Amino acid sequence: YNHCDIQFLNIDNIHVMRNSFKYLSELYFGSETPERRSFEATKWLDYIRLIISGASEMARLVSKGKSLLVHCSDGWDRASQMVSLAELFLDPFYRTIKGFGILVQKEWLAYGHKFAERVGHGIDDKISNEISPIFLQWVDAVYQVLSKFPNWFEFNENYLIDMMDAVHSGRFGTFLCNSERERQQYNIKENTLCFFRHVGRPSIIKRYLNTYYFDFSFECLQPLDTTANLEVWVGYYQRYHVTMKQYHEHASLANRIRPHTHKEENK
């Protein structure tokens, strides 16, 4: 095409990601805490780096006024990952609790990510070839950026962890079915609870508030994309490990102590 630049991001398909996550899961079945090199051998962080790198480049181009067409083989897996992460970098609204919920509903639910098939609701994971942790991979990428830029997000990792629990538990109807059409067909909205309405309740939302948040209203977030800058999401993958008690106690204390911010200086 004239005046167009085609870029391939070399992000592997759902089957490669499923195998990578399988190796990752096996690391945490034992009582020992896996070493960093064992975690890196799963290539999970390599794939997340590619997603962050691609989304960062997309955000950079859009911030310069460029138009983009994003597509993968199906359109509801890697495309959803890339576009929603780029929007998170570009628009500070999507880094708020309300905005993040809208982002997920817009680019994942409404866009047609097949949650039922990818998560495996009611499906034997030993025979299904469609199960793949695509959404978890994106949430992990969000966590990686959140952990490096804690002042830029209104929410903390509890929001991400509880959302992933909601994806798998079936407690809420939000992540059921494969499309908006199916959710309408089965009257999911009328017969189930919505996760994002639940977290917006005053008695619930305080659990997700990030005390380090400062509103960078007009700045595009530009994360580093090397694997060395990524870390194991211990708060999610290792949260039930016997060694995690101190981690959770520290995280709880950090959320109760509000640091001195510029907002407080201007009061």
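I count a salt bridge when a side-chain nitrogen of Lys or Arg lies within 4 Å of a carboxyl oxygen of Asp or Glu. The model is predicted, so I take local features only at pLDDT of at least 70 and side-chain atom pairs only at pLDDT 80 or more, while totals for chains, interfaces and linings use all residues. I number residues from 1 along each chain as its sequence is written, and side-chain values use heavy atoms, without hydrogens and water.

**Salt bridges**

I looked up the total and got 9 salt bridges. Lys-106 and Glu-107 form one of them, at 2.6 Å from N to O. For cover I call a residue buried under 20% relative accessible area, exposed over 50% and partly exposed in between (1.4 Å probe, protein chains only). Lys-106 is partly exposed at 32%. Glu-107 is buried at 12%.

Next I checked Glu-231 and Lys-148. Their closest N and O atoms are 3.3 Å apart, in a salt bridge. Glu-231 sits in the loop between helix H12 (202-205) and helix H13 (234-237), and Lys-148 in helix H7 (residues 134-148), so the pair ties together parts 83 residues apart in sequence. Helices here are DSSP runs (H or I, at least four residues), as strands are (E, at least two), numbered from the N terminus. Glu-231 is partly exposed at 28%, and Lys-148 is partly exposed at 36%.

Asp-165 and Arg-239 also meet in a salt bridge, 2.6 Å from N to O. Asp-165 is in helix H8 (residues 157-169) and Arg-239 in the loop between H13 and helix H14 (245-256), so this pair ties together parts 74 residues apart in sequence. Asp-165 is partly exposed at 29%. Arg-239 is buried at 17%. I also found Asp-77, Arg-118 and Glu-130 linked in a network of salt bridges.

**Helix H5**

I looked at helix H5 (residues 97-109) next. Its 13 residues reach 17 Å from first C-alpha to last, close to the 18 Å expected at 1.5 Å a residue. That expected span is 1.5 Å times one less than the number of residues. Its buried residues include Ile-97, Phe-100, Val-104 and Trp-108, and Glu-107 is listed with them.

**Aromatic pairs**

I pair rings of Phe, Tyr and Trp (its six-membered ring) if their centres lie within 6.5 Å; planes under 30 degrees apart are stacked, over 60 edge-to-face and the rest tilted. The structure holds 24 such pairs. In one of them, Phe-195 and Phe-196 have ring centres 5.2 Å apart and planes at 75 degrees, so the pair is edge-to-face. Both residues are buried.

**Segment before H1**

I found His-3 in the segment before H1. Its phi is near 60 degrees, a positive value in a residue other than glycine. His-3 is exposed, at 87% relative accessibility. Phe-8 is placed in the segment before helix H1 (14-27) and is exposed at 71%.

**Other checks**

Asn-187 has a positive phi of about 55 degrees although it is not a glycine. I placed Asn-187 in the loop between helix H9 (180-185) and helix H10 (188-191). Asn-187 is partly exposed at 38%.

How many disulfides are there? I got 0, taking a disulfide as a pair of cysteine sulfur atoms within 2.5 Å. Cys-177 is buried at 12%, and Cys-194 is partly exposed at 25%.
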